[in-house]
Amino acid sequence: MKILFIGDIVGRPGRKIIKKFLPKLKSEFEIDYVIANYENAAHGFGITPKIFNELKNAGIDIFTGGNHTFDRKKDAVLLLNENKILRPLNYFEAPGKWYYEDENIIVISAMGVFSMPYGKNPFIELKNFVENKNKFIFIDFHAEATAEKRVLFHLLKGKAGAIIGTHTHIGTDDLEINEGTCYLTDIGLTGCGDNVIGMDVQGPLVSELTGLKERFDVPDKCKSIMQCLIIESDGRFSKRAFKLKIIDEEIIKTQEVSYGN
Ligand SMILES: [Fe+2]
Ligand SMILES: [Fe+2]
């Protein structure tokens, strides 16, 4: 089984590069499941039904969320009725589901604790949930703190198939597979790669200089990047993984790792 994972898709530039390259990557690498994080898909904040359909038609099968899931609450609540779009488990009794399950895979959307909305302790929930599961478990762990991501990896290695970080929008280079669990602290955004975490530099810059809250916008023109991870699984654990970065129309393969025979 082969899985392709895309992290935070930020606005139109992110959607555009996915539409251009995902169909090609899907067929070239014979991908069974495409999973992606939608939390910033609608101009940086949440998702709408129109954008959900656009991304689904581009080839994304299962959608994970984050702290921006409910930014467009009405749209989110409507979409979360669909079983292939998730919200993080941390949101107590909010609408929607935090995991997707079929005969081959369980996909989980979860958030960390530091600087995230108040919610359930994800570590205890996940520790209990993964017990006695006999499928490939993919976890999008949406967290600010790198240490929280490492802790979850050590807590669930040998149990989950993959724990991949999202939310910081900046990719890290620590891909590994240990005890069959594929781990990466953050996969990085798909969208504008040359401003500030996918948003136009102007808003964040004025905000830092003045201490005032500014409007954040996705730039009209920018240098786009697409970042995705391809994982090969034996059905239960990860055997091989590598990252692909697409910059200036060029597909660059990085961080290839393997585990076992
Ligand atoms: Fe994000
Ligand atoms: Fe986030």
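Biologist: Which residue stands opposite Lys253 in strand 13?
Modeller: This is a predicted model, in which local features need pLDDT of at least 70, side-chain atom pairs count only at pLDDT 80 or more, and totals for chains, interfaces and linings use all residues. Residues are numbered from 1 along each chain as its sequence is written, while chains are lettered from A and ligands numbered from 1 in the order in which they are written. Strand 12 (residues 238–247) runs antiparallel to strand 13 and is joined to it by seven bridges, where helices (H or I, at least four residues) and strands (E, at least two) are DSSP runs numbered from the N terminus and two strands pair if DSSP finds at least two bridges between them. Within this pairing, the residue opposite Lys253 is Leu244.

Biologist: Which residue in the turn between strand 12 and strand 13 has a positive phi?
Modeller: The two strands form a hairpin, with two residues between them. The phi in question is about 50 degrees, and the turn residue that has it is Asp248.

Biologist: How many of the nine residues of strand 13 are buried?
Modeller: A residue is buried if 20 or more other C-beta atoms lie within 10 Å of its own, exposed if 12 or fewer, and partly exposed in between, with C-beta atoms placed from the backbone. Strand 13 (residues 250–258) lies largely in the open, because the number of its residues that are buried is zero.

Biologist: How many residues of strand 2 are buried?
Modeller: Strand 2 (residues 33–37) pairs in the parallel sense with strand 1 (residues 2–8) over five bridges, and Ile35 in strand 2 is the bridge partner of Phe5. Tyr33, Ile35 and Asn37 point one way from strand 2, Val34 and Ala36 point the other way, and all are buried. Strand 2 is mostly covered, and of its five residues the number buried is five.

Biologist: In what order do the strands of the open six-stranded sheet lie?
Modeller: The edge strands, each of which pairs on one side only, are strand 4 (99–101) and strand 8 (176–178). Strand 8 pairs with strand 9 in the antiparallel sense over three bridges, with Cys182 in strand 9 as the bridge partner of Ile177. The pairing of the sheet is mixed, and the order of its strands is 4-5-6-7-9-8.

Biologist: What angle does the direction of helix 5 make with that of strand 7?
Modeller: Helix 5 packs on the sheet, touching strand 6, strand 7 and strand 9; a contact requires C-beta atoms, placed from the backbone, to lie within 7 Å. Axes are lines fitted to C-alpha atoms, for helices over the stretch in contact, and angles run from 0 to 180 degrees between N-to-C directions. On that basis, the angle between helix 5 and strand 7 is about 170 degrees.

Biologist: How wide an arc do the buried residues of helix 5 cover?
Modeller: In helix 5 (residues 146–156), the buried residues are Glu148, Lys149, Leu152, Phe153 and Leu156. They are on the same side of helix 5, because the arc around its axis, which is that of the directions from the helix axis to the C-beta atoms, is only 140 degrees.

Biologist: Which exposed residues does helix 2 carry on the face turned away from its buried side?
Modeller: Helix 2 (residues 49–58) has Ile51, Phe52 and Leu55 as its buried residues. These fall within an arc of 105 degrees seen down the axis, so they line one face of helix 2. Their covering includes helix 1 (11–28), strand 2 and helix 3 (73–79). The face turned away carries the exposed residues Lys50, Asn53 and Asn57.

Biologist: Is Val196 buried, partly exposed or exposed?
Modeller: Val196 has its place in the loop between strand 10 (191–192) and helix 6 (202–210). Leaving aside neighbours within four places in sequence, Val196 is in contact with Val201 and Pro204. Because it has 17 C-beta neighbours inside 10 Å, Val196 counts as partly exposed.

Biologist: What radius of gyration does the protein have?
Modeller: The secondary structure comes to six helices and 13 strands, and buried residues make up 48% of the 261 residues. The radius of gyration is taken over C-alpha atoms, and the globule rule is 2.2 Å times the number of residues to the power 0.38. A compact globule of 261 residues would have a value near 18 Å, which agrees with that of the protein, 17 Å.

Methods: Two residues are in contact if their C-beta atoms, placed from the backbone, lie within 7 Å.
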